[in-house]
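Biologist: Could you walk me through this one while I have it open? I would like to begin with the charged pairs and then move on to other topics.

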Amino acid sequence: MQLSKLAFQVSKNPPANADTINHQLLVQAGYVRQLMAGVYTYTPLGLRVLRNIEKIIREEMNAVGGQEVLMPALHPKANWLATDGWNKIDVLFKLKSRTGKDYALGQSHEEIVTPLAKEVINSYKDLPLALYQIQWKYRDELRSKSGILRGREFLMKDMYSFHETQADFDRFYAEVKQAYLRIFQRLGLTAKATEASGGNFTEKVSYEFMVLTDAGEDDIFYCDACDYCVNQEIAKVKAGDACPKCGATLQAARASEVGNVFDLGQKFAKDFDVTFTKADGSRDYPIMGSYGIGVSRCMGVIVEKYHDEQGIIWPTSIAPAQAIILALNGAEAYAQEVYQALTKQGVSVLLDDRSESAGSKFAAADLLGVPVRLVVSARNGKQIEWKERTSTTNKLASLEEVCQWLKSS
Ligand code: ATP
Ligand code: MG
């Protein structure tokens, strides 16, 4: 991608209304544009990051046997009446058609996936079943001030599983919990799993996956010595107490919830009368679980964790490109050549070929946060200056070396 042709450019100044780092840097670097509070456009480069996050999530959800679907965002009122969500869920967006019919916008999809699964679940042989999607969710959030951390429209991965027995559910639940920890690790995030009550649905245990950040909206107590972590809202412990698991001292911190897993029991199966035939011929309701990840929130949390005074520092796994070439004065033709050669080799690379000063190109590269900066200048001839975003030193290399390093990174 050539920056001179890019519709959304880096800006010299931060947006005036940003009250979080992710909002400020994502807008200034040109990754997102705000339409209104909690509603954003993802630009071509921002969309690349979002897609890279999705790819990691898809791989791990497919690996635990999830089957991807795409369910509607526009729902009939009847489905939400069946669970009483129509009256009880305060964030549910409701709308009326011109013929007076009521609809809801999906804030989650238990109300849609359960009757959908009913069509294919007849016997225990159809179980377990796990369906997931990556889709925009709509919530009438009262406050949407934390950039893309809390949207009124936001991207979520939501998976729903159906099981014959509690034991099979427990097995799958544990597998998904491990897959979640792998996902967050691959995204560069250290997520702690809290034990929490089951929210809206049941009194059963659920886990929230928390990433420590001051931009988050949750308060947690956690232990540095082991993996104990609990949401302050429900906690029986406090900061300074001994960790109930290992005895070390508990600390308080702000955190952002990047995902969660719920044991839904048989609630939704009962609401939609989903039953299956057991091996002994009797009928029962399947046990259900739901598993969410805030895909767009993850992107924001990553910016909160990975930045410095100069801009974003994307982890390589989700960066919008592997490298950015800066074409300095007098080396434009060679920079083009390097760009073409790397692109041909399958390296994803940006080329800063704008008519800007060297200084503003250096600033843009730091703000964009691409892992490797390649400076091509008349002074260095055919040699390319290689510098990693996380490093303060640079080195000169040939095009062949640069190509080799990027292909193996
Ligand atoms: P929160 O407590 O932050 O409101 P939640 O308990 O409502 O989250 P779920 O309904 O389980 O969350 O949604 C699954 C995941 O979607 C959450 O773990 C979070 O990462 C993400 N998420 C929830 N609400 C939003 C939002 N308004 N904007 C962006 N991401 C969100
Ligand atoms: Mg919420």
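This is a predicted model: local features need pLDDT of at least 70, side-chain atom pairs count only at pLDDT 80 or more; totals for chains, interfaces and linings use all residues.

Biologist: How many salt bridges does the rule give?

Modeller: The count comes to 26 salt bridges. One of them pairs R58 with E68, with 2.8 Å from N to O. R58 lies in helix α2 and E68 in strand β3 (residues 67-68), so this pair ties together parts that are 10 residues apart in sequence. R58 is partly exposed at 26% relative accessible area, and E68 is partly exposed at 38%.

Biologist: What about R171, which residue does it form a salt bridge with?

Modeller: R171 forms a salt bridge with D168, and the closest N and O atoms of that pair are 2.8 Å apart. Both residues lie in helix α6 (residues 166-186), where they are 3 residues apart, about one turn of the helix. R171 counts as partly exposed, its relative accessibility being 35%.

Biologist: Changing topic, how is the chain divided into domains?

Modeller: The protein chain is divided into domain 1 (12-308) and domain 2 (321-408), and 38 Å separate the centres of the two domains, taken over C-alpha atoms.

Biologist: How many residues are in contact between them, and what area is buried?

Modeller: In domain 1, 8 residues are in contact with 8 residues of domain 2. The area buried between the domains is about 620 Å², and carbon and sulfur atoms give 54% of that area.

Biologist: How many salt bridges does the rule find across that interface?

Modeller: Across the interface of domain 1 and domain 2 the rule finds 2 salt bridges, and K12 forms a salt bridge with E356, with the closest N and O atoms 3.7 Å apart. On the side of domain 1 that touches domain 2, α1 (21-28) and α2 (44-63) each supply at least two residues. The residues of that side divide into 4 nonpolar, 1 polar and 3 charged.

Biologist: Is W386 buried or exposed?

Modeller: W386, in strand β22 (residues 384-388), counts as buried at 7% relative accessibility. Leaving aside residues up to four places away in sequence, W386 touches a set of residues including V372, L374, V402, W405 and L406. The C-alpha atoms of W386 and V372 are 7.0 Å apart, while the two residues are 14 apart in sequence.

Biologist: And where is E141?

Modeller: E141 is in the loop between β7 (129-138) and β8 (153-163), and at 13% relative accessibility E141 counts as buried. Its side chain joins that of R150 in a polar contact of 3.1 Å.

Biologist: Last one, why is α8 described as largely enclosed?

Modeller: Helix α8 (residues 295-305) is largely enclosed by the rest of the structure because 10 of its 11 residues are buried, among them R297, M299, I302 and E304.

Methods. Residues are numbered from 1 along each chain as its sequence is written. Chains are lettered from A and ligands numbered from 1 in the order in which they are written. Side-chain values use heavy atoms; hydrogens and water are left out. Domain bounds come from an automatic or database domain assignment. Contact means heavy atoms within 4.5 Å. Buried area is the accessible area (1.4 Å probe) that two parts lose on being put together, summed over both. A salt bridge is a side-chain nitrogen of Lys or Arg within 4 Å of a carboxyl oxygen of Asp or Glu. Helices (H or I, at least four residues) and strands (E, at least two) are DSSP runs, numbered from the N terminus. Ala, Val, Leu, Ile, Met, Phe, Trp, Tyr, Cys and Pro count as nonpolar, Asp, Glu, Lys and Arg as charged, and the others, Gly among them, as polar. Buried means under 20% relative accessible area, exposed over 50%, partly exposed in between (1.4 Å probe, protein chains only). A polar contact is a pair of N or O atoms within 3.5 Å; within protein, one must be able to donate a hydrogen and the other to accept it, and residues adjacent in sequence count only if both atoms are side-chain atoms.
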